[in-house]
Amino acid sequence: MTSTITVEHLWKVFGPKPERVVGTELADLPRAELRARTGCLAAVRDVSFAVEAGEVFVVMGLSGSGKSTLVRCLTRLIEPTSGEISIDGEAVRAMNARRLRDLRRHRVAMVFQHFGLLPHRSVLDNVAYGLEIQGLGRAERHRRAGEMLTLVGLDGHENQYPEQLSGGMQQRVGLARALAIDPAVLLFDEPFSALDPLIRRDMQTEVRRLHAEVGKTLVFITHDLAEALTLGDRIAVLRDGDVVQIGTPEDLVGAPADDYVADFVRDVPRSDVLTLRWIMRDPLDGETCEDQPLPATTVIRDAVPRILRAKLPVQVVDGDRPVGVVDADRLLPALISHHRQVPA
Amino acid sequence: MMRLRTVASAALILSLTACGGATSGAGESTPSAGAKGTVKLAVNPWVGYESDAAVVGYLLEKKLGYTVEKKELKEEISWQGFETGEVDAILENWGHADLKKTYIEQKKVAVEAGSTGNTGVIGWYVPQWMADQYPDITDYKNLNKYAGLFKTSESKGKGQLLGGDPSYVTNDVALINNLKLDYTVVFSGSEAAIIKAAQQAGAQKKPLLFYFYEPQWLFAQEKFARIKLPPYTAGCDADPKKVACDYPDYDLDKIVSKKFADANSTAYQLIKNFKWTNDDQNLVSDYLTNQGMSADQAAEKWVNEHEATWKPWIPAGS
Amino acid sequence: MTATATPPTIQPDGRVVAVAGEGAAPWRRGLTRRRVLWVVLIAATVGAYLGFRTGGAADSDDAAAFRFFTDVRNWVDENRDTSPLFLYGFNYLRLGVRLLVDAVQAGLYGLGFAGLVAAAGAVALVLAGWRTALVAVGGFLAFGFLGLWAESVDTLVLTTSAVLLAVVIGVPIGVLAARVNWVSAILRPVLDVMQIMPTFAYLAPMTLLFLIGEPAAVIATLIYAVPATIRITELGIREVSPTTVEAATALGSTSRQLLTKVRLPMARPTIVLAVNQTIMMALSMVVITALIDAPGLGQNIIRALERVNVGAAFDAGLAIVIMAVVLDRITTGAARRRPAAPARHQRPTAANGVERVGAGRRDRWRAAGGRNRWAVAAGTLVVVVVLAVLPISEDLPHFSFAVPVNELTGWIELHWYDGTEWVKNVVSAGLLDPLEGVLTSTPWWLFVLVVAGFGTMASGVRAAVIAALAAAGIAGLGLWQHAMQTLATVLVTIVLTMAVGIVLGVWSARHDWFAAGLRPVLDAAQTMPSFVYLLPALALFGASRFTAIVAGFVYAFPPVVRLVDRGLRDVPAAVVEAAVSAGSTPRQLLWKVQLPMARGGLLLAANQGIVMVLAMVVLGGLVGAGALGYDVVAGFSQREDFGKGLAAGFAIVLLGILLDRLTQGFHHAKGPR
Ligand SMILES: Nc1ncnc2c1ncn2[C@@H]1O[C@H](COP(=O)(O)OP(=O)(O)OP(=O)(O)O)[C@@H](O)[C@H]1O
Ligand SMILES: [Mg+2]
């Protein structure tokens, strides 16, 4: 089975004559030096990854690391400089204008940080916009748009104008607009960073609920680690256009690829993310264990009461197979230290 | 539908181009000059001219039954109008030898139609109170003695001679040079500017030396004294750079379009016959300017009171 | 954050401008080096001037440029009935315009007096609400009361025709310019020429091409007004939020859909303001077109000028002011009345001095709902039709201000003269003469060098090169002395305008009562045809450069006041609050917070002021200021001076470009606008 989205060796270089950078020794220069030498800025450098159907793929990185550029390259809102992109097995860069438009109209939709709503249209007409430009009749598109508004919890606001809504409500309109065309893939570019924390949490819950309900493939851009960890099945970390690491939340927290990622995840309570797999040790010879084993996928925090109450080490199993043991000695460093690397 | 429209517009363009494009006169209503119909009079922007136009227009309409179209135009554009067929007659022409050359001799679209009887006098003037206070000032030879009086912020330390509207003939700069006067010309740029200056010179008793001309309605209100320059002799102004003599008296004349003249209508004849005095014109101008009458009212009043003057203008047999 | 981490800036056109990674210390060194450069430049300029100044030989009457323009004119003259360019081009253009004018005329006259008054009210009601409708009805009735009904309708016909054409031509071009950068780059100098080139310079040959009367008048007006349409439309389209465009693209919009469903609707308020500005420009031009027999109020004004009757001119001028105010209120009302106007659309804009903000009414109007409005529209339509059919005539009792105005100005002219003459003499001797002396005695090549040098320091190499070329171009036209004399007058006018404009603008931003009181004064000053106040100004200041300065000032200060007021009011409340809570005195607040933050508005004001002052240069030629203005006027009056007049027109344009490019650096160089 092919992945929903695959990206291979994707480059995006801004500036004069960008083609000359890729594939030459210029490509290996750090960003700042490249800029000084050529005036070009490599926003995305040799990025490869694949997103599976139904997956939530998060791209994370500091401001300026190239996240927005990357996600826009996927539907060629920004034209990539080189590399391959395919969606549902179809090469995006080979598409002609019409095919590309069809992709945007039917298969991939996007939600933007600053909403990008049309101020001169009512909420309903904003949501119906995507259907309207496909040539759908008025009644039909209004019906569908109405359903989407219900889905995102904006019943009764159909005839208001974006200006009259709060930021959170506006972003729900943006979301409804993206959902209205019933795309297989949804792209989110920092959709919630303009919102205040409470609303942001609401919206995250909303996205998770929608993901559960409609089962789309999501590519989600954020610079907020907590958001990445709660939403992401897998996370890609970008720095200066490079992918530094791709992995599950656990991988990132438990085995950061370098200091950059480590720095990122430093303040994450490890016990909240890591599973027992990360702190178990091999049983000593002839060691006796508690009767009840714990599955290796148990998050450390959830295992704390059991392990602390137990007199003996607790066995960790993967299915039925014993893979190791944990005891209080292994547990405590994970609970107090966010900093030191725990040997895997 | 689409096809139909294309065909229609193509047909339209064809029909327009088939006849070789639109000439400059195309599409404007140009009733044939001279037929009992419309007479197009240029009205140049000074009141004396308006008086001529008022009276001639009134007679054309009331006595000969024409429709008169008055077009408010600067002189040069009026002459252009002969060529485009938009002007039939200019009623008061001040010289304009260059325009005569272009339009009468070269393009042959206009012809002269005789004098208006008015004499145009151009010269340098001071307010009457100055002439009274400094009796010898009216001789140009004494002007240098009084140059200090005429200093202004614009005259760069010399005496100021306020020049005229650029539409009029002037030799002022050359005159000052050649007569060795300690003056400089400040270009007023418009008739209104001179008139205002002249009015203030009277009211505020401020010295002023200025280029002016008669007939002009202002003379009905205030008195000005003319400066005596070396007398005009024929040809003394031939080289504009070397002029050192006074302006000649202008015989103000009428110019009509060639077509209009060739048609020889009664309208043309009336215009050709039109001839009156400076006093006549000043009177009508006074009605217009100082008594607040409209052109028709002023013309009616004058026509009622001066039948003897205008009767001979009416062509015989009409 | 360290200085080295400065991110590169992204220009609107997508260029990346890398920020040199200088540390703090080199930067400071750069600053002092700049200062040293300035000092050196000034010293060199003074030295060179003292070494090379000349007596300032007068301009000749016969330069190559003059002859060239005369030849062009003669060519047009000779070929206009044979060349295909005219047969198939201009003549059809004229025929088309004639059709349009006739149609508009038939429409407006067809409504009749009562019908037209009601129609004005109805349009205002639908577009801008009932308050404006009252203003419109009152205004149109006033034309009748002033006894100027027919003239006003004629003026309205010309204005409407010119504005219709300007919109039809200007909006698409503006959209194109916003989307295609090279179009915009090419258009810029062309629009500069169209806007600054005095109409007088080309009015005479214009009548050769388009004949005397309405079509020529409409086309002349169009040439003057359409740059505003194009520029403001371009701005509006460029200002459309890129995120929204991106969002619509991401949904698969075609470029046509982007234009019709996103860009145009979002730029609508700005485009309506473009129409508003076009109307104002057109109204100020239709007066001048009276000189080629365009009918309307302009004729009354020109005739009153011949008779030196300021009162008669005042009545007609008042009618124009009323028309301007009514049309302005309707269009600004229409710009405001829309579902949603993001705040960005209400910032003052480059080509536009008179935007006003007022969101309160909009909401209420919107609350009334769309359907309701159509009911209102239908109702008023019925009223209009009924009134148009009823035989109601415009024979109202007449009110004229002529007599009181004449008495008042007469009294002022008589009693203020000594004072005003003193002012004129002081300004002329103290400011104008020295400046003019220096400028006219500077050799042209030195001037070009100085412009290049200072231009580079202030605005960068590109702008400096253009400015220097403009200066050299003036010399090439053979009008150096006159151009420098005009420049001196223009500079003094601008300084005066800015000084007064800023003071009034600051006051107006701080005191609402003052702003409210000032508004009608500004409206009147901006729209009253200058010919009207020229007479008293002439009486008080004589035929002089100072009269030209006064006229230029009256015309140019209203937009300056408005832009300054706007700029100050646009300073975010949060910032003002922060400064106040830090204990700033009102004076500190003004000098340290509001004025620096309003820099964008102030610069815009200066720029706008320059353009408007240049527009009055020709008027200066009519009141004794001589120099370029007089050359243009003379070129209009005497056929043999045509070449010189047109050359002078170009010299004025070049002066405008020079001043614009020299000051534009302040827009980009320091801080946000
Ligand atoms: N159109 C452009 N032209 C030139 N450079 C650009 C352009 N768009 C983005 N960049 C540069 O590319 C780099 C990556 O930008 P991008 O917007 O992708 O970052 P980001 O990770 O989304 O940042 P943020 O979190 O601030 O949104 C930045 O250095 C940016 O300046
Ligand atoms: Mg981003």
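How many residues of chain B are in contact with chain C? The count is 61 residues of chain B, against 57 residues of chain C, where contact means heavy atoms within 4.5 Å.

Before I go on, this is a predicted model, in which local features need pLDDT of at least 70 and side-chain atom pairs count only at pLDDT 80 or more, while totals for chains, interfaces and linings use all residues. Residues are numbered from 1 along each chain as its sequence is written, chains are lettered from A and ligands numbered from 1 in the order in which they are written, and side-chain values use heavy atoms, with hydrogens and water left out.

Back to chains B and C. The area buried between them is about 4,900 Å², and carbon and sulfur atoms give 51% of that. Buried area is the accessible area (1.4 Å probe) that two parts lose on being put together, summed over both. Four salt bridges are counted between chain B and chain C; a salt bridge is a side-chain nitrogen of Lys or Arg within 4 Å of a carboxyl oxygen of Asp or Glu. Glu154(B) and Arg545(C) meet in a salt bridge through their side chains, at 2.8 Å from N to O. There are also seven residue pairs in polar contact between chain B and chain C, both residues at pLDDT 80 or more. A polar contact is a pair of N or O atoms within 3.5 Å; within protein, one must be able to donate a hydrogen and the other to accept it, and residues adjacent in sequence count only if both atoms are side-chain atoms.

Which element gives the most to the side of chain B that touches chain C? That is α7(B), with eight residues. Helices (H or I, at least four residues) and strands (E, at least two) are DSSP runs, numbered from the N terminus. By class, this side of chain B has 22 nonpolar, 22 polar and 17 charged residues. Here Ala, Val, Leu, Ile, Met, Phe, Trp, Tyr, Cys and Pro count as nonpolar, Asp, Glu, Lys and Arg as charged, and the others, Gly among them, as polar.

Next, chains C and A. In this pair, 26 residues of chain C are in contact with 27 residues of chain A. The two chains bury about 2,400 Å² between them, with 63% of it on carbon and sulfur atoms. Two salt bridges are counted here, and the side chains of Glu246(C) and Arg72(A) meet in a salt bridge at 2.4 Å, N to O. On the side of chain C that touches chain A, α9(C) gives the most, with seven residues.

Now inside chain A. Seven bridges join β1 (residues 5-14) of chain A to β2(A), and Lys12(A) has Val44(A) as its bridge partner in β2(A).

Last, salt bridges overall: 53 are found over all chains. The side chains of Arg234(A) and Glu55(A) meet in a salt bridge at 2.4 Å, N to O. This pair links distant parts of the chain, 179 residues apart, with Arg234(A) in strand β9 and Glu55(A) in the loop between β2 and β3 of chain A.

How values were computed
Two strands pair if DSSP finds at least two bridges between them.
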